[in-house]
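Please take a moment to look over the sequence and the fold shown below before reading on. The paragraphs after it are meant to be read with the structure in view.

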Amino acid sequence: MGCGGHGAGLLLLALGWALGPHPAAAAPESCEADDEAALMQLQPRRLSAGTAPDGDPICPGNFSVCPTDETQQRCGWLEGFTIGGGFLFQGITGVGGCTRGWQEPLNESCFEDPPSGSLGELLLQYARGYSEWGGTHTAWMWSGKSFAKQDSWGLIGDYYWKFVARYAKGFRFTAYPEPLNAPFAQEHKTCAVVPSAEGPGYLLFGFTSEPYVYGAGFAIIDEHGFIVRQLATGDGPVADESTPGSVVPAPTSIGGDGPAAAMVKSYWDALAAGDIATVAAMYHPKAKVILYNSLNASNGDQVQLQGFEGPGIAAYLNKVVSYFGPGAIANGTLALRFGEEKSQVRMEKVPGNAYSAYEIGSAKYTQAFVLGDGGKIWGEGVVAAMPGFVLR
């Protein structure tokens, strides 16, 4: 797709350059002029903390947040996530330059150290945005039905270098993270939830590329802005046992009978029975459900994105049950399930969380949730492929 496929795409350029000057990454000569023009348009102006002319609060790090009564808290909390995105930008753009715009066959030396360790180092810096004490990334790929778990900075960095960046040609966001496009997050009701005494912070973002139909991540973020868990779902590229963190076979159960394990069983039993009232009662009154639904396997840009809160959660669940029809959820095939109970790893509090992936007829439905301190569902990210699903 020509220069549109260079680096991580113009949208990711905005994220990287929002953080200020960075070392230039190598790029194909034919794309330099287009990229330079794009950067001139996308680079935010240097502003101190305050409000931008369009009304979106501007943080000291030159990124915007959704306007709330907690602007300064949001700025500080999302700063680390935004800085990590800058390293991700540099690493993926560097891979684009090294491979001359992902020219096939790919230059494999771009994913080896030596000679390309500097690219791996950039993505290791991205990984340092995860908690030092057990910060973990997981990835379920419907293509190939593979699961990978990266529970160290080294594995996270390698996964983004040797898998995500490998398939990043034509990368573009289909669900912007709040710091990159706060008005978009407001429009779709997907602004991040900041941590509080009742539960952790979280957000959801998603993208597409030429190889990826979609990739989306539900990130659980601690009070200091570090990612504790990121539960990712994708379709398109095929991962295998050489993928960093590969887990074979993929898990399909949660051990024990703690609150997270019990919640998963009760939730899916009630949903399969069409008992919306019981399912809705499992949510905290302040919970948010964020839906990322891929509508067309041939066009990654066709996405439904919406956040639901309060009575909107029950209304959404009713639509899901109606979409699948009587008995369909009960007859669905469980492809993946894992979770963990609330714990503490050194200085890091890990909230109860769980992930399930189902094939229901020809549709795919994954659910990632995090529990609040009171044991109810505090936040949920749904990544689905439900063609023809109607939100309104």
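What follows is a walk through the sheet, its helices, the hairpins and the salt bridges.

This is a predicted model, in which local features need pLDDT of at least 70 and side-chain atom pairs count only at pLDDT 80 or more, while totals for chains, interfaces and linings use all residues. Residues are numbered from 1 along each chain as its sequence is written, and side-chain values use heavy atoms, with hydrogens and water left out.

The names come from DSSP runs numbered from the N terminus, where helices are H or I runs of at least four residues and strands are E runs of at least two; two strands count as paired if DSSP finds at least two bridges between them. In general, strands of a sheet pair through backbone hydrogen bonds, either parallel or antiparallel.

Which residues of helix α4 (residues 117–127) are buried? They are Gly117, Leu119, Gly120, Leu123, Leu124, Tyr126 and Ala127, where buried means under 20% relative accessible area, exposed over 50%, and partly exposed in between (1.4 Å probe, protein chains only). Seen down the axis of α4, these buried residues fall within an arc of 160 degrees, so they line one face of the helix; the arc is that of the directions from the helix axis to the C-beta atoms. What covers them includes α3 (71–98), α5 (153–164) and β8 (227–235).

Returning to β9, we can follow the chain into the loop between β9 (246–247) and α7 (259–272), where Ala250 is found. Ala250 is partly exposed, with a relative accessible area of 24%, and, not counting residues up to four places away in sequence, Ala250 touches Trp140, Phe147 and Leu336. The C-alpha atoms of Ala250 and Phe147 are separated by 5.7 Å, although these two residues are 103 residues apart along the chain.

Strand β15 (residues 353–360) runs antiparallel to β16 and is joined to β16 by eight bridges, with Tyr365 in β16 as the bridge partner of Tyr358. The hairpin of β15 and β16 has two residues between the strands, and Gly361 takes a positive phi near 65 degrees there. Strand β17 (residues 377–385) also pairs with β16 in the antiparallel sense over eight bridges, and Val382 in β17 is the bridge partner of Gln367. The hairpin of β16 and β17 has five residues between the strands, and Gly375 in the turn has a positive phi of about 95 degrees.

Finally, how many salt bridges does a search of the whole structure find? The search finds eight, a salt bridge being a side-chain nitrogen of Lys or Arg within 4 Å of a carboxyl oxygen of Asp or Glu. One joins Glu108 to Arg166, with the closest N and O atoms 2.8 Å apart. This pair links distant parts of the chain, for Glu108 lies in the loop between α3 and α4 and Arg166 in the loop between α5 and β5, 58 residues apart. Glu108 is partly exposed, with a relative accessible area of 38%, whereas Arg166 is buried at 18%. Another salt bridge is formed by Glu198 and Lys286, whose closest N and O atoms are 3.0 Å apart. Glu198 lies in the loop between α6 (182–188) and β6 and Lys286 in strand β10 (residues 283–294), so the pair ties together parts that are 88 residues apart in sequence.

How values were computed. Contact = heavy atoms within 4.5 Å.
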